[in-house]
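Here are my notebook entries from an afternoon of looking around one model.

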Amino acid sequence: MKIAVCSSEVVPFAKTGGLADVSGALPLALKKLGHEVIIIMPKYKQVLDAGFRLRKISPDVLVNDEIGVPVYFIEHEQFFNRPGLYGEKTGDYPDNLDRFSHYSRRALELLKEIDFKADIIHCHDWQSALVIIYLKNLYNKDPFYAGIKTLFTIHNIGYQGLFSKEEFPKLGLDWGLFNMEALEFYDKINLLKGGIVFSDAINTVSVKYSKEIQTKEFGFGLEGVLHKRKDTLFGIINGLDYSIWNPATDKYIFKRYSLKKLSDKYKNKEALQKLCGLPKKNVPLFGMVSRLAAQKGLDIFALAIEQFCKLELQLVILGTGDLKYHVILEDIAKRYPKVVSLHLKFDDPLAHKIYAGCDIFLMPSHYEPCGLGQMISMSYGTIPLVYKTGGLADTVNEKNGFVFSKYTKDDFLKTVKKAISTYKNKKAWQKLMISGMQTNFSWEESAQKYVKLYKKLVFKA
Ligand code: ADP
């Protein structure tokens with residue numbers, strides 16, 4: 001099959017979170033299964049800063065051939081040559097609708113320009129939802145686009161791409177589409193909703209989350225729309241790219257290790273303690289690599305943090321996000337300098353060092369579509385501690401981690417204490433580490449599930 005993947009962030013070119021990991025790894029896994037895949041993304045400043053070689057193929061399109069599948073970049077100096085992908089510290093860019101509608105139209109036109117007659121266009125999250133909306137409402141009259149099927153993957157329903165109604169004319173769509181059955185949502189434009197309504201099928205990144213988003217608690221107002229499409233709504237768990245997240249080959253960590261020489265993991269712990277200015281101590285070292293948002297459990301973590309820091313442990317945090325949590329964490333790091341090491345930034349090499357050097361990985365997310373942090377940490381023999389939700393519930397259990405099932409500070413702390421006491425039992429701890437490291441979240445199986453779904457749409461098989 002011919003598959004065009006449209007995503008607003010793709011590893012190794014530009015990343016703010018798990019969407020980029022998925023959009024970078026899935027196309028390669030699909031290619032391995034014998035399919036012809038291309039990726040289309042915006043040409044951000046990050047891409048050039050990272051030093052990738054791009055070849056110009058038309059006035060506003062460049063291509064890179066270094067990762068195994070062609071990656072096409074839509075260039076627009078004014079829209080994409082900026083420090084952030086979607087915004088900066090002060091908030092989202094005010095012209096995001098112009099930016100991503102431009103990207104989406106150009107992505108569709110590009111297919112015709114390079115004569116890539118896709119069987120499937122696979123779009124991800126609100127940023128590329130307009131590819132589907134335009135295809136079904138504007139481009140469908142052109143025979144080149146006839147018959148192209150679309151899959152829309154929702155990575156996080158909490159981010160919907162909401163814009164004011166006044167901006168609607170910019171989209172170049174018929175006003176008739178601004179209604180409850182299409183793009184309108186409480187008098188605003190909702191791009192995610194448009195993607196849901198106009199795609200041939202929808203999926204989320206874990207089975208549990210595909211069910212959760214049909215409920216009022218996790219549907220963020222779209223549960224009704226999703227429920228209507230329940231026969232074409234699927235859950236496919238993300239894989240992990242072991243060419244990037246593997247302690248035996250990782251180029252960023254202090255000392256490589258594997259199941260054969262687990263003791264070398266502790267060299268990473270010592271080096272991380274040193275790097276972070278934490279005393280060399282045999283207490284469990286907790287790590288967190290996360291967007292600092294309530295969704296990621298920062299709300300209950302903030303309530304628990306004072307008691308948490310008084311326990312026998314150390315903590316390294318790497319993240320950026322809501323200012324409110326920056327302030328709380330800065331205060332706690334100042335007051336507990338020998339316990340907490342705080343890094344308020346996005347730093348991929350440091351993330352690798354944390355996954356490798358810590359004993360326990362904290363991921364108390366309130367909801368989690370799939371979550372990659374828990375899978376990455378397991379691959380590094382770092383035991384995840386998670387709330388029982390979405391993809392976390394699908395991947396972590398008492399054999400490979402610690403799970404709490406009431407979303408409260410008390411249940412969280414109780415589970416932290418349980419982890420600390422288990423840590424003292426070397427044999428039990430090793431068993432957990434081994435079980436995690438042996439778990440295989442490879443992309444192969446998930447890519448096969450995607451292919452099956454594509455085939456269902458293309459061949460009605
Ligand atoms: P999200 O909801 O943010 O996409 P995921 O768990 O699916 O959460 O994926 C997060 C990805 O982003 C992981 O690869 C994680 O290591 C990475 N990440 C998150 N925050 C940071 C940071 N501050 N620095 C480096 N990497 C980060």
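**Entry 1: a helix on a sheet**

Which strands does H12 lie across? I looked this up with one caution in mind: the model is predicted. I found that H12 lies across E15, strand E16 (314-321), E17 and E18. Its direction runs at about 145° to E15.

Next I wanted the sheet that these strands belong to. I found an open sheet of six strands, in the order E17-E16-E15-E18-E19-E20, with parallel pairing. Strand E17 (340-343) and strand E20 (402-404) are the edge strands, and each pairs on one side only. I also noted how neighbouring strands of this sheet are turned against each other: by 15° on average, direction ignored.

**Entry 2**

Then I checked the partners of E18. Strand E15 (residues 285-292) pairs with E18 in the parallel sense over two bridges, and I saw Phe 286 standing opposite Ile 360. Strand E19 (residues 383-387) also pairs with E18 in the parallel sense, over four bridges. In E19, Phe 361 has Pro 384 as its bridge partner, while Leu 362 has Leu 385.

**Entry 3: H12 again, with H9**

I came back to H12, this time to see how it meets a helix. Two packed helices are described by the angle between their axes and the distance between the axes. For helix H9 (residues 265-275) and helix H12 (residues 348-357), I read an angle of about 125° and axes 8 Å apart. That makes H9 oblique to H12. The crossing of H9 and H12 is left-handed.

Which residues make the contact? From H9 I listed Lys 265, Asn 268, Lys 269, Leu 272 and Leu 275. From H12 I listed Leu 350, Lys 353, Ile 354, Tyr 355, Ala 356 and Gly 357. Sorted by class, the contact of H9 with H12 has six nonpolar, two polar and three charged residues.

**Entry 4: another helix pair**

On the H15 side I noted Ala 419, Thr 422 and Tyr 423, which meet Lys 426, Ala 428, Trp 429 and Leu 432 in H16. The residues of the contact of H15 with H16 divide into five nonpolar, one polar and one charged.

**Entry 5: the sheet of nine strands**

I moved on to an open sheet of nine strands, with mixed pairing and the order E3-E4-E5-E2-E1-E8-E9-E13-E14. Strand E3 (55-58) and strand E14 (233-235) are at the edges, each pairing on one side only. Neighbouring strands of this sheet are turned by 25° against each other on average, direction ignored.

I followed two of the pairings. Strand E1 (residues 2-6) and strand E2 (residues 36-42) pair in the parallel sense over five bridges, and Lys 2 stands opposite Glu 36. E3 and strand E4 (residues 61-64) pair in the antiparallel sense over three bridges. E3 and E4 form a hairpin with two residues between them, and Ser 58 stands opposite Val 61.

Which helices did I look at here? Helix H1 (residues 18-32) packs on the sheet and touches E1, E2 and strand E8 (120-124); its direction makes about 160° with that of E2. Helix H6 (residues 191-198) lies across strand E9 (149-154) and strand E13 (201-204), running at about 135° to E9.

**Entry 6: one glycine**

My last stop was Gly 390, which I placed in helix H14 (residues 390-395). Why does Gly 390 count as buried? Its relative accessibility is 0%, so Gly 390 counts as buried. Leaving aside neighbours within four places in sequence, Gly 390 is in contact with Ser 206, Lys 208, Tyr 209, Glu 212 and Glu 368. I also checked Ile 213, 177 residues apart from Gly 390 along the chain: their C-alpha atoms are separated by 9.6 Å.

How values were computed
Residues numbered from 1 in each chain as written. Predicted model: local features only at pLDDT ≥ 70, side-chain atom pairs only at ≥ 80, totals over all residues. Heavy atoms only, no water. Pairing = 2+ DSSP bridges. Axes fitted to C-alpha atoms, helices over the stretch in contact; angles between N-to-C directions. Contact = heavy atoms within 4.5 Å. Nonpolar A, V, L, I, M, F, W, Y, C, P; charged D, E, K, R; others polar. Parallel < 35°, antiparallel > 145°, perpendicular 65-115°, else oblique. Left-handed = near helix turned anticlockwise from the far one by under 90°. Buried < 20%, exposed > 50% of the residue type's maximum accessible area, 1.4 Å probe, protein only.
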